[in-house]
Amino acid sequence: MIFLVSDKGKLKVAILGLTCCGGCQLEILNLEPVLLDLVEVIELVNFPEAQSENKDGPYDVAFVEGSVTTREEIERIKNIRKESKFLVALGTCACYGGVQSIRNFGDVEEARKQVYDDDGSHIDALPATGLDEHVNVDYYMRGCPVDRSEIVDVLTSLLIGKTPEPKHYSVCVECKLAEYACLLNEGKLCMGPVTNAGCKARCPAVSVPCDGCRGPYDQANLESFIEILKEKKISVEDILRKFRMYTSWAPQYRNLKVI
Amino acid sequence: MKMKQSIAIDHFTRVEGHGRLFLELEDGEAKNVQLSIFEGPRLFEAFLKGRKYDEVPPLVSRICGICSASHILTGLETVENAMDIQVSDQTRLLRELLDIGEIVQSNVLHACFLALPDYLGAPSAIALADNHKELVKTSLELKDLGNNIARIVGGRAVHPITTKIGGFSKIPSKNSLEALENSFKNLKDRALNLVEVFGSLKYPDFERETDYVALKGDKKYEFLDAPLASSKEGILELSKYKEYIEEYTPPYSNSKACKRNGKGFMAGALSRMNLNHDLIDDEVKSLVERTGIEFPNKNPYLISFAQIIEVAHLIKRGIEILEELKNTELKPEKNSFKIKEGEGIAVTEAPRGALLHHYKFDDKGIVEYANIITPTCMNNRNIEEDIIAYTPQLQGKTEEEITFELHKLIRAYDPCISCSTHTLQIDLKSK
């Protein structure tokens with residue numbers, strides 16, 4: 001639906017960051033040597049983390065990592081949106097708010113005081129949210145961190161004028177295809193059944209239950225899932241905490257009650 | 001009449017995160033310097049409260065994408081200290097290997113991709129590739145090696161997965177470790193050659209003595225398992241860290257900064273090198289001697305050089321570890337332990353310097369208190385003091401030149417803004 005191959009030459013790409021750990025941009029830097037091939041067809045017009053000569057928009061595609069956590073960032077993301085034809089929320093922080101949105105469940109002002117004592121009154125700390133609380137997002141690239149192969153897939157799609165298509169199934173599908181042992185069957189709190197696929201079940205692959213970092217997939221049956229967890233004698237506190245790890249501010253999880 | 005000038009670097013580039021520098025000069029002397037980190041605050045220490053002990057390492061990993069393994073390893077050690085959990089030699093070796101992967105990856109990323117363009121007159125490492133293809137290729141391969149270690153030992157390049165309290169959830173296969181050993185051996189000569197390349201760069205002529213703080217090894221150059229020490233005061237007792245590290249929040253920054261005895265101090269590769277240079281691998285040591293640069297050294301620009309010396313040293317240490325692992329039968333471990341009330345403090349060397357974690361847990365293993373001091377916070381004040389000392393040397397230069405030089409100085413520290421709030425930006429304006 002979106003035609004992006006620029007008739008004026010290379011695709012103009014910006015890679016920008018808001019508040020986060022920087023790990024998703026690092027996954028882009030980790031794309032080398034593919035990155036060196038990519039710059040043949042894209043122009044990195046703005047990538048402050050990697051280069052010192054940067055220009056403002058307009059951009060064909062902007063990849064923005066990080067959550068929105070300050071008033072200044074709200075303005076920044078609105079400007080980036082205006083300057084970009086296609087906006088990719090890069091990573092779980094940009095999609096949902098990330099781990100720092102755990103603070104949204106308490107008093108953020110209190111949390112600020114706790115961390116910075118009394119001398120931090122100048123620090124602006126809002127509840128941490130994904131980009132789409134403030135602007136429209138064209139593609140959600142989930143994961144904490146994102147899977148670098150998805151970055152290439154998305155750019156390739158855009159270069160050939162195709163809309164990148166997200167996966168509409170859960171991590172369990174990828175886990176079963178890879179024939180990993182089911183950790184939920186072993187009584188472990190694995191978020192696979194309700195979590196967006198695309199990571200190739202990376203955690204179950206090394207015998208670690210899924211932490212749900214890619215967020216709830218669109219048809220996730222949360223009610224049944226929670227019932228199953230309770231049948232496995234997993235405590236309500238443990239269940240609730242698990243939903244409040246990486247994507248606690250996802251609309252489906254925000255007001256989740258586990259009783 | 002006094003000449004007044006203010007310099008601001010509005011958004012640091014080739015630095016992880018968002019920061020800026022504001023500097024007021026009077027007759028070429030720095031009157032006011034503010035290193036300000038404006039990346040949004042994340043408030044980890046607050047939201048960790050109420051989390052369960054085993055969620056701490058994966059959560060703190062998210063403080064920083066570049067040094068996620070260091071945060072995990074420090075988090076694990078802190079929890080293990082608090083609950084008296086012992087780990088096996090196998091776990092210790094694999095953790096050291098994982099850590100080598102991160103230090104190599106991060107040091108190469110900083111020295112070769114973020115700092116080196118300053119010395120070779122290029123705006124980015126991508127531009128560097130035009131004239132220095134082999135150098136860029138070696139750097140890429142080294143960085144890739146670091147990432148491969150993380151993938152094989154940790155399950156993923158950024159935010160490792162296998163690292164659990166008491167041991168690893170999955171042990172790497174013999175084949176994958178053998179493949180790693182081959183990559184180490186293939187890259188060894190080229191890594192050693194980088195010592196020569198970085199030893200011959202023209203570093204700015206600037207020296208300022210400060211307090212160098214790092215882990216100090218006894219028999220070995222240590223990143224994980226050694227006491228914290230200061231060049232001025234010797235070994236520092238970890239349990240009393242609040243007495244000798246003063247954390248404060250400057251009114252112009254979202255990042256805390258630290259002082260010791262009322263002054264800035266330095267953490268990071270140069271501090272490690274200044275305290276531990278005699279423990280560097282012999283072959284690497286003789287290469288360093290040939291460059292004519294000596295340690296201890298007071299020039300902060302040599303942080304990049306120290307990072308590269310560490311890379312060469314760690315490639316050799318990595319080969320030793322892999323040879324040892326080859327001769328050991330690696331087996332999956334189940335470490336059972338009892339959750340108990342307790343308090344743990346641990347300090348390790350993250351790529352950018354000493355990283356301290358401190359937690360208290362209740363009898364159900366729930367976090368009651370968390371405090372984390374990152375190397376960038378430790379370095380913030382020292383960078384400001386360096387700028388104050390350096391600016392008189394820049395008299396007579398144009399604004400553009402001053403900005404470039406200060407940017408280069410800040411970049412030399414490899415500040416990691418995600419870690420400190422966790423960002424950098426410079427803006428130079430004349431009044």
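I counted a contact wherever heavy atoms lie within 4.5 Å. This is a predicted model, where local features need pLDDT of at least 70, side-chain atom pairs count only at pLDDT 80 or more, and totals for chains, interfaces and linings use all residues. Residues are numbered from 1 along each chain as its sequence is written, chains are lettered from A and ligands numbered from 1 in the order in which they are written, and side-chain values use heavy atoms, with hydrogens and water left out.

**Entry 1: the interface.** I found 57 residues of chain A and 63 residues of chain B in the contact. Together the two chains bury about 5,000 Å², with 59% of it on carbon and sulfur atoms (accessible area, 1.4 Å probe, lost on being put together, summed over both).

I then looked for salt bridges (a side-chain nitrogen of Lys or Arg within 4 Å of a carboxyl oxygen of Asp or Glu). The rule gives 3 across the interface of chain A and chain B. I noted A:Glu72 with B:Arg20, at 3.6 Å from N to O.

**Entry 2: strand 3 of chain A.** I took strands as DSSP runs of E, at least two residues, numbered from the N terminus. Is strand 3 of chain A buried or exposed? I see 7 of its 7 residues (59-65) buried, so strand 3 is largely enclosed by the rest of the structure; buried means under 20% relative accessible area with a 1.4 Å probe, protein chains only.

I also checked its pairing (at least two DSSP bridges between strands). Strand 3 runs parallel to strand 1 (residues 11-17) of chain A over 5 bridges, and A:Ala14 has A:Ala62 as its bridge partner.

Key:
Buried < 20%, exposed > 50% of the residue type's maximum accessible area, 1.4 Å probe, protein only. Helix = DSSP H or I, 4+ residues; strand = E, 2+ residues; numbered from the N terminus.
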